[in-house]
Amino acid sequence: MSSNDLTVIVLAAGGGTRMKSKTMKVLHRIGGRSMIGHVLTAVSATEPTRVVAVVGTQREQVGPHVLEYAPAAVLAVQETQDGTGHAVRVAVECVGTPLSGTVLVVTGDTPLLRGSSLASFVEAHVESAAAVSVLTGIVPNPFGYGRIVRDSTGGVDAIVEEKDATPAQREIAEINSGILAFDAAFLSEALGQLTNDNANGEYYLTDTVKIARAAGRPVAAHPVEDVRETEGANDRAQLAELGRVLNQRIVTQWMKDGVTIMDPATTWIESDVVLEPDVTILPGTQLLGATVVREDAVIGPDTTLEDCEIGAGARVVRTHGQLAVIGMEATVGPFSYLRPGTVLGAAGKIGAFVETKNAQIGNRSKVPHLSYVGDAEIGEDSNIGAGTIFANYDGKKKHRTKIGSRTKTGSNNTFIAPVEIGDDAMTGGGTTVRSDVPSGALAVSSGPQRNLEGWTGRNDADC
């Protein structure tokens with residue numbers, strides 16, 4: 001970063017009524033983060049000296065959320081939303097000491113903003129020695145945006161808001177992104193000169209351009225390469241479109257980094273997911289939260305994993321998982337449900353229609369079919385028979401079941417926790433295990449089989 005003294009002001013006080021939501025606009029999420037979370041992540045790339053977030057509507061929600069991303073941020077409260085100029089004035093006053101160096105102002109609802117773009121913008125501003133620099137964009141439909149009005153030499157003469165623009169100015173395609181950089185000393189002077197003499201009765205930060213020009217100070221404009229980075233969301237339709245663009249960006253980058261994604265259109269990957277080279281993602285897959293997938297693993301089709309860790313060479317098919325760890329070369333699915341606390345060891349198996357919760361399953365152990373494994377610990381090289389239920393709840397408390405290594409349990413077993421099955425033990429089909437089974441023992445609970453001769457003939461006569 002070329003500037004050693006950088007203050008970043010993030011504007012996040014507006015209510016966003018067009019969202020029609022009880023959730024503050026900047027807290028709406030795409031790509032695994034809130035909109036303001038994406039902005040604060042981009043801001044961190046500028047290595048700022050300080051961050052000031054201007055909060056207002058629902059500040060009891062927004063303020064703590066900002067601090068999750070920027071723990072040292074200063075929270076400035078804008079009690080009434082009287083425009084961007086007023087918001088920045090509130091931020092400067094909240095710092096309490098005169099600002100120096102560069103001040104960067106960004107909006108909290110531009111989730112596609114890249115840190116590299118902000119860093120380049122600040123660097124260009126510092127090098128230009130401008131009083132004000134504006135990050136601009138060229139758009140086919142500029143309706144609603146402030147227009148960049150240039151003079152005969154190509155310099156920035158003014159920024160004119162939509163409601164105040166003349167018909168000729170409304171034809172200008174270059175728009176103000178809402179992201180500006182200032183010489184701090186100039187900004188402090190200009191804020192006191194702002195007025196609300198405009199159609200909205202607000203204090204526009206963009207009027208600092210006019211103030212700079214009147215003082216003979218240079219004003220610079222730097223078009224952003226991808227104008228979508230500066231787009232905000234005012235309603236949920238716009239939010240969904242930004243989410244689609246963000247996902248396309250993420251998926252494309254992972255493919256460039258060596259991940260095979262069979263169908264990008266049906267694959268959703270959130271911002272904090274980590275994928276290693278030679279991972280394969282099949283159609284209909286969602287990778288969410290802090291999910292990590294190691295090399296050579298194959299995920300999908302039709303799989304959702306949230307905050308999961310998948311080992312190298314593992315195979316997870318048609319599975320829903322949350323806060324689960326799958327070992328290397330393990331297999332999961334189809335139609336498995338991995339609840340939080342599931343840990344499957346290397347080369348293990350969780351098969352079709354199996355639900356697991358708070359279960360540690362050892363290396364090479366298998367739960368192949370139609371089972372519920374809750375609050376359990378299974379050793380290595382063990383096999384759980386089809387249709388097995390770990391009955392972990394007694395109506396008041398949860399209890400654990402422990403099964404040793406090299407243990408084979410029969411089909412349709414029920415383990416009434418707390419119970420422990422030793423190493424090398426076995427259980428018969430249909431067994432209900434209510435007490436511990438020693439190592440090497442066979443446990444059976446069903447009575448001897450009875451055959452009633454002639455049963456079919458007797459019952460046919462009654463038909």
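**View 1. Elements covering the buried residues of helix α7.** The cover over the buried residues of α7 includes β7 (132-138), β9 (156-160), β10 (174-183), α6 (184-191) and β11 (219-223), where contact means heavy atoms within 4.5 Å. Buried in α7 (residues 207-214) are Asp-207, Thr-208, Val-209, Ile-211 and Ala-212; buried means under 20% relative accessible area, exposed over 50%, and partly exposed in between (1.4 Å probe, protein chains only). After α7 comes Gly-216, with a positive phi near 75°. Helices (H or I, at least four residues) and strands (E, at least two) are DSSP runs, numbered from the N terminus. This is a predicted model, in which local features need pLDDT of at least 70 and side-chain atom pairs count only at pLDDT 80 or more, while totals for chains, interfaces and linings use all residues. Residues are numbered from 1 along each chain as its sequence is written, and side-chain values use heavy atoms, with hydrogens and water left out.

**View 2. Salt bridge between Arg-33 and Asp-272**. The closest N and O atoms of this pair are 2.7 Å apart. Arg-33 belongs to strand β3 (residues 33-34) and Asp-272 to the loop between β13 (268-269) and β14 (274-275), so that distant parts of the chain, 239 residues apart, are linked. Arg-33 is buried at 13% relative accessible area, whereas Asp-272 is partly exposed at 39%. A salt bridge is a side-chain nitrogen of Lys or Arg within 4 Å of a carboxyl oxygen of Asp or Glu; the whole structure has 19.

**View 3. Salt bridge between Arg-59 and Glu-79**. Here the closest N and O atoms are 3.5 Å apart. Because Arg-59 lies in helix α2 (residues 59-69) and Glu-79 in the loop between β5 (74-77) and α3 (84-95), the pair ties together parts 20 residues apart in sequence. Arg-59 is partly exposed, at 33% relative accessible area, and Glu-79 is exposed, at 57%.

**View 4. Salt bridge between Glu-241 and Arg-244 within helix α8**. The N to O distance is 2.6 Å. Both residues lie in α8 (residues 236-256), three residues apart, about one turn of the helix. Glu-241 is partly exposed at 36% relative accessibility, as is Arg-244 at 38%.

**View 5. Nonpolar surface patch of Phe-335, Phe-353 and Leu-370**. The patch covers about 340 Å². Phe-353 sits in the loop between β27 (349-352) and β28 (355-361). Patches are made of residues with over 30% relative accessible area and no salt bridge, with like charges joined within 9 Å and nonpolar side chains (Val, Leu, Ile, Met, Phe, Trp, Tyr) within 5 Å.

Terms used
Areas by Shrake-Rupley, 256 points an atom, 1.4 Å probe, with all protein chains shown as cover.
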